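Subject: Structure handover

Hello,

Here is the structure for you to look over. My notes follow below it.

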Amino acid sequence: MLYISADIQLADWEIQFQAIRAQGAGGQHVNKVSTAVQLRFDIHRSSLPARYKRNLLALRDSRINQHGVIIIKAQSHRSQTANKDEALARLKALIIKANQRQKPRLATRPTRGAVRRRLHAKKQQAEKKAQRQKPVL
């Protein structure tokens, strides 16, 4: 059972784990032990509220495929259980991030000094480029 918040939790049947071999260099141990973990979570079949599902599917994240399945690969630890815990933590963080309300961006205007400095820099650059041209006869 993965607890997302006080009223939202995911049952064990909703999350699938598969042990795979970790990538990269490692020596003798890495070639015979599958310590990396691949987590699969189907958004459509989950018990998440509709708002959570909608926000997750709207995310532009490479871990979510076109079928609405989240695939997370964890391989940074040497033990399978630690990688499993890390994958669950990443899934929880992704779900929480997708459902946080974004603070609305307030339009601001540049200060008068900033505008003056920008225009002065543009004028200097234009003069520099004008000096490189051949004179008009």
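In β5, F41 finds its bridge partner in I70. Strand β4 (residues 36-42) is joined to β5 by 6 bridges, and the two run antiparallel. Strands here are DSSP E runs of at least two residues, helices are H or I runs of at least four, and both are numbered from the N terminus. Two strands pair if DSSP finds at least two bridges between them.

This is a predicted model: local features need pLDDT of at least 70, side-chain atom pairs count only at pLDDT 80 or more, and totals for chains, interfaces and linings use all residues. Residues are numbered from 1 along each chain as its sequence is written, and side-chain values use heavy atoms, without hydrogens and water.

The sheet is open, with 3 strands in the order β3-β4-β5 and antiparallel pairing. β3 (15-20) and β5 (69-74) are the edges; each has a single partner strand, so one side of each lacks a neighbour in the sheet.

Now the helices. α2 (residues 80-98) lies across β3, β4 and β5, at about 140° to β5. Contact means heavy atoms within 4.5 Å. Axes are lines fitted to C-alpha atoms, for helices over the stretch in contact, and angles run from 0 to 180 degrees between N-to-C directions. α1 (residues 50-58) packs on α2 at about 100°, with the axes 8 Å apart. In this contact, Y52, N55 and L56 of α1 meet L94, I95 and A98 of α2.

One last item: K84 lies over the face of F17, 4.7 Å from the ring centre. That call needs NZ of Lys or CZ of Arg within 6 Å of the ring centre and within 35 degrees of the ring normal.

Best wishes
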